[in-house]
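Here is a short tour to read alongside the sequence and the model.

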Amino acid sequence: MSTTCNCDACSRGAKLDLKCILHAGRFVMQSIGGGRELVGPDVVMAHRLLKNGGAAAIGRSAYALVSDAAVARLDVPVAGATTVTATYDHYAPIEVAVFPLG
């Protein structure tokens, strides 16, 4: 990676890995502070899915994670993925498919 900026943030750019989360569910658009935001239990779940065991399950920090809800709703093919059961307080366990990237 070539950059003319030597600040701390830019110098770390080449060391970053990509984490993609795909989840499907219900939501409501709510006006908050002059803007619009998505709210609801499935929005909270999407945020919680950002903290998961995907990297440990596949041994890589760059990955795509697809929830079982997204697989069902969007007909996402998951052949070759590693299946992980994610658990979070106040939610039923959720199955996710993890694909290595890179």
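## One residue, then the fold

Gln30 counts as partly exposed because its relative accessibility is 38%, where buried means under 20% relative accessible area, exposed over 50%, and partly exposed in between (1.4 Å probe, protein chains only). This is a predicted model, in which local features need pLDDT of at least 70 and side-chain atom pairs count only at pLDDT 80 or more, while totals for chains, interfaces and linings use all residues. Residues are numbered from 1 along each chain as its sequence is written, and side-chain values use heavy atoms, with hydrogens and water left out.

Gln30 sits in strand S2 (residues 28-32). Leaving aside residues up to four places away in sequence, Gln30 touches Gly35, Arg36, Glu37 and Val39; a contact means heavy atoms within 4.5 Å. Leu50 is 20 residues from Gln30 along the chain, and their C-alpha atoms are separated by 22 Å.

Now to the strands. The chain has four helices and six strands, in the order α-β-β-β-α-α-β-α-β-β from the N terminus. Helices (H or I, at least four residues) and strands (E, at least two) are DSSP runs, numbered from the N terminus.

Which strand is mostly covered? It is S4 (residues 63-67), with five of its five residues buried. In a regular strand the side chains alternate between the two faces of the sheet. In S4, Tyr63, Leu65 and Ser67 point one way and Ala64 and Val66 the other way, and all are buried.

S4 is joined to S1 (residues 19-22) and to S6 (residues 94-100). Two strands pair if DSSP finds at least two bridges between them.

| Strands | Bridges and direction |
|---|---|
| S1 and S4 | four bridges, parallel |
| S4 and S6 | five bridges, antiparallel |

Within these pairings, Cys20 has Ala64 of S4 as its bridge partner, and Leu65 has Val98 of S6.

Finally, the chain as a whole. Its radius of gyration is 17 Å, whereas a compact globule of 102 residues would be near 13 Å; the radius is taken over C-alpha atoms, and the globule rule is 2.2 Å times the number of residues to the power 0.38. The C-alpha trace spans about 45 × 45 × 25 Å along its principal axes. Of the 102 residues, 23% count as buried. Among contacts with a separation of 6 or more, 59% come from residues 24 or more positions apart.
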